[in-house]
Amino acid sequence: MASLWRAATGALQNQNTDDYGGIEFWSNPERTGWLTKQGEYIKTWRRRWFILKQGKLFWFKDSYVTSASKPRGVIPVSTCLTVKGAEDVLNKQFAFELSTSRETMYFIADSDKEKEEWINSIGRSIVQHSRSVTDSEVVDYDSKR
């Protein structure tokens, strides 16, 4: 019920303009393409244009994206724990899932190649934008005590 209230009042977590972080998503993205995404509140499937850039996964209604475009949603990949195939979960070809500690989002690519490329790109971005290990946390098993 709380999620319906957030939707009705416009308090959607994934659509806060502060989430853009000043990223020029329209210029030189790391990856772009069409994916079919399951809605957050109404679980219908919709085809959206996705842009991965600087640790954020943006989506739009169409592929013509300019500086004036407003994303339909944004996922900071630093909040993501896993990205993996989900064909067996959804019983849909070319499906994959992106999981955070709070939710799992599902996507469908147009081909197996596209699915694998998205999984690899998002996976690389998760690693690049996850919290860095500090020097004090590194254990050197090779050094003599």
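The legends below describe close-up views of a predicted model of one protein chain.

Because the model is predicted, local features need pLDDT of at least 70 and side-chain atom pairs count only at pLDDT 80 or more, whereas totals for chains, interfaces and linings use all residues. Residues are numbered from 1 along each chain as its sequence is written, and side-chain values use heavy atoms, with hydrogens and water left out.

**View 1. The fold of the chain contains three helices and seven strands.** Helices (H or I, at least four residues) and strands (E, at least two) are DSSP runs numbered from the N terminus, and along the sequence they follow the pattern α-β-β-β-β-β-α-β-β-α. Of the 145 residues in the chain, 37% are buried, where buried means under 20% relative accessible area, exposed over 50%, and partly exposed in between (1.4 Å probe, protein chains only).

**View 2. Seven strands form an open sheet with antiparallel pairing.** The strand order is E4-E3-E2-E1-E7-E6-E5, and two strands are taken to pair if DSSP finds at least two bridges between them. E4 and E5 stand at the edges with a single partner strand each, so one side of each is left without a neighbour in the sheet. Neighbouring strands are turned by 30° against each other on average, direction ignored, with axes being lines fitted to C-alpha atoms (for helices over the stretch in contact) and angles running from 0 to 180 degrees between N-to-C directions. E6 and E7 pair in the antiparallel sense over five bridges, and Ser99 stands opposite Thr104 in E7. Helix H3 packs on the sheet, touching E1, E2, E3, E5 and E6, and its direction makes about 165° with that of E5.

**View 3. Strand E3 is mostly covered, with five of its five residues buried.** Lys56, Phe58 and Phe60 point one way from E3, while Leu57 and Trp59 point the other way. Five bridges join E3 to E2 in an antiparallel arrangement, in which Leu52 stands opposite Leu57. The hairpin of E2 and E3 has two residues between the strands, and Gln54 there takes a positive phi near 45°. E3 is also joined to E4 (residues 73–76), again antiparallel, by four bridges, and the bridge partner of Trp59 in E4 is Gly73.

**View 4. The largest nonpolar core has 24 residues.** A nonpolar core is a set of buried Ala, Val, Leu, Ile, Met, Phe, Trp, Tyr and Cys residues joined through side-chain atoms within 4.5 Å. Residues with the most contacts inside this core are Leu57, Ile75, Phe96, Leu98, Phe107, Trp118 and Ile122. Elements giving two or more residues to the core include strand E2 (45–53), strand E6 (95–100) and helix H3 (112–129). Apart from it lies another core, of nine residues, among them Trp49, Ile51, Phe58 and Val74.

**View 5. Ile122 lies in helix H3 and is buried at 0% relative accessibility.** Leaving aside neighbours within four places in sequence, Ile122 is in contact (heavy atoms within 4.5 Å) with Leu52, Leu57, Val83, Phe96 and Leu98. The C-alpha atoms of Ile122 and Lys56, which are 66 residues apart along the chain, are separated by 9.3 Å.

**View 6. Lys37, in strand E1 (residues 31–38), is buried, with a relative accessible area of 10%.** Not counting residues up to four places away in sequence, Lys37 touches Thr44, Trp45, Arg46, Phe50, Trp59, Tyr106 and Phe107.
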